[in-house]
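Subject: Structure handover

Hello,

Here is the structure for you to look over. My notes follow below it.

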Amino acid sequence: MAMLVLALLPLLAASASAAGGCAADASLSSPNGNAYAACSDLPRLGATVHWTYDRAAGSLSVAFVAAPAAPGGWVAWGLNPYGEGMAGAQALLAAPSSSSGAWAVRTYNISGYALGAPGPIAFPATGLAAEMGTDGRVRVSGTLSVGQGASVLNQVWQVGSAVSVDGVPAPHAMGGDNLAAKAKLDLVRQTSTSSDSGGSGLARERNIHGVLNAVSWGLLLPMGAIFARYLKTFRSADPAWFYLHVTCQIIGYAVGVAGWATGINLGNASNGVTYGLHRSIGIAVFALATLQVIIYLTNTSQIQIELDRTDAKFRSNLNGVQAFALFLRPRKDHKCRVYWNVYHHSVGYAVIILGILNIFKGMAILGVEQRWRTAYVAAVWVLGAVAVTLEAVTWSVVIRRREAEQHGKTFHGAA
């Protein structure tokens, strides 16, 4: 029995080394040559973090160990002083050189959900190094100045599958483990605990925010505009075109309000992380769309009013409401209707254009996978192709109709 155990020991050691973890990395040492004070097997992506916190110096010596998602890929680890997740993370990213294959570490101050360019980070870093082990895992080490009062820090980590010839890391996968690769690093208790073992709540909310806005401002509202512009040319489609137009706009607006509300909530939950242009465009789109809805509802209320009361004061107030509604949306035969049409169409198209632009801006912030970008671009192209085709068809119908009307006038004039 003893001989069997002795025979199995090398196999067990090799298995532990292949699997990675704190036991396999016991030989790792900090820059001063001593073993790291603490180690934790991180709950996602098979990663491990070793660290020693020097409270007097306010320095954190760290070694992060993980395997890239594919040969030639990259690994990254960072601290987020602003909240959980990627946005706001101060990251160390290790990647191989496209020419020599040597591993190097670069620092990233990640302000959004795209990596951005390398640059200084909030925690001054020294002694950065990276190397590939025989087990296929990369060891990233260095010392960060985190301050003397540090206790519990938000840590994030990630792995990617490729690096471009220019040294730009390709976006990581968006699987459950990737989205949930974050934890708390307790420097006092020397522990690391998952901050969201069930997945990233904020990540889910960001995805919901993106989907709601893409469907509303980016698809339903353009569809409603197509119904209004082209179907009303065909007399047989009246008033069906109007109901289709209003249905798309109201549903689109309701879904858009939900998407806008999730965006506001995300902003409140992401302290220190702001996206000024994305936020400003979103507010402008919401405000303009709300104005369109208010005008429609005011006009509808004016149409539904019945004068079934006789007292003069009520009639006076009611006439004021009607006048206001007519001011907001004049009747078709009113001399100001042409100006209202210019306003209504201009604001409507502005909402659609700004909405689509902001959707692409949001995709860039979230670092959306290319397949989803391609799918949305394809949907926009389909809507554009339909609009161009109907533009040609409706102009043809209008020209023939005018020619027929002109021919009829000439015939009756001659008679």
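Strand E9 (residues 152–160) is mostly covered, with 8 of its 9 residues buried. Buried means under 20% relative accessible area, exposed over 50%, and partly exposed in between (1.4 Å probe, protein chains only). Helices (H or I, at least four residues) and strands (E, at least two) are DSSP runs, numbered from the N terminus. This is a predicted model, in which local features need pLDDT of at least 70 and side-chain atom pairs count only at pLDDT 80 or more, while totals for chains, interfaces and linings use all residues. Residues are numbered from 1 along each chain as its sequence is written, and side-chain values use heavy atoms, with hydrogens and water left out.

E9 has two partners to look at. Strand E4 (residues 74–80) pairs with E9 in the antiparallel sense, over 7 bridges. Two strands pair if DSSP finds at least two bridges between them. Trp74 has Gly160 of E9 as its bridge partner. Strand E10 (residues 182–186) also runs antiparallel to E9, and 5 bridges join them. Val156 is bridged to Lys182 of E10, and Val152 to Asp186 of E10. E10 is mostly covered as well: 4 of its 5 residues are buried.

Next, the record. For "binding site", an unreviewed UniProt entry lists His209, His245, His278 and His344. UniProt positions are given in the numbering used here, feature names are shortened, and annotations may be inferred rather than shown by experiment. From this set, His209 and His278 are in the lining of the second largest pocket.

That pocket has a volume of about 1,100 Å³. Of the 43 residues that line it, the closest to its centre are Arg206, His209, Gly210, Gly362 and Leu366. The terms come from a 1 Å grid over the protein atoms alone: a pocket is an open set of points where a 1.4 Å probe fits, with protein on both sides within 12 Å along at least five of seven lines, and lining residues have an atom within 4 Å of a point. Grid points are joined across faces, edges and corners, and the volume is the space filled by probe spheres set on the points.

Which helices supply at least two residues each of the lining? They are H3, H4 (240–269), H5, H7 and H8 (370–414). H3 gives the most, with 10 residues.

Now some individual residues. His278 is in helix H5 (residues 276–304). His278 is buried, because its relative accessible area is 18%. Leaving out residues up to four places away in sequence, His278 touches His209, Asn358, Lys361, Gly362 and Ile365. Contact means heavy atoms within 4.5 Å.

His344 lies in helix H7 (residues 337–366). At 22% relative accessibility, His344 counts as partly exposed. Ile295, in helix H5, is 49 residues from His344 in sequence and 9.7 Å away in space, C-alpha to C-alpha. Ile295 is buried, with a relative accessible area of 7%.

Asn213 is found in helix H3 (residues 201–230). Asn213 counts as buried because its relative accessibility is 11%. The Asn213 side chain reaches the backbone oxygen of His209 at 2.8 Å. Asn213 also touches Gly218, Gly256, Gly259, Trp260 and Ile359, not counting residues up to four places away in sequence.

Best wishes

Conventions. Polar contact = N/O pair within 3.5 Å; in protein donor to acceptor, adjacent residues only side chain to side chain.
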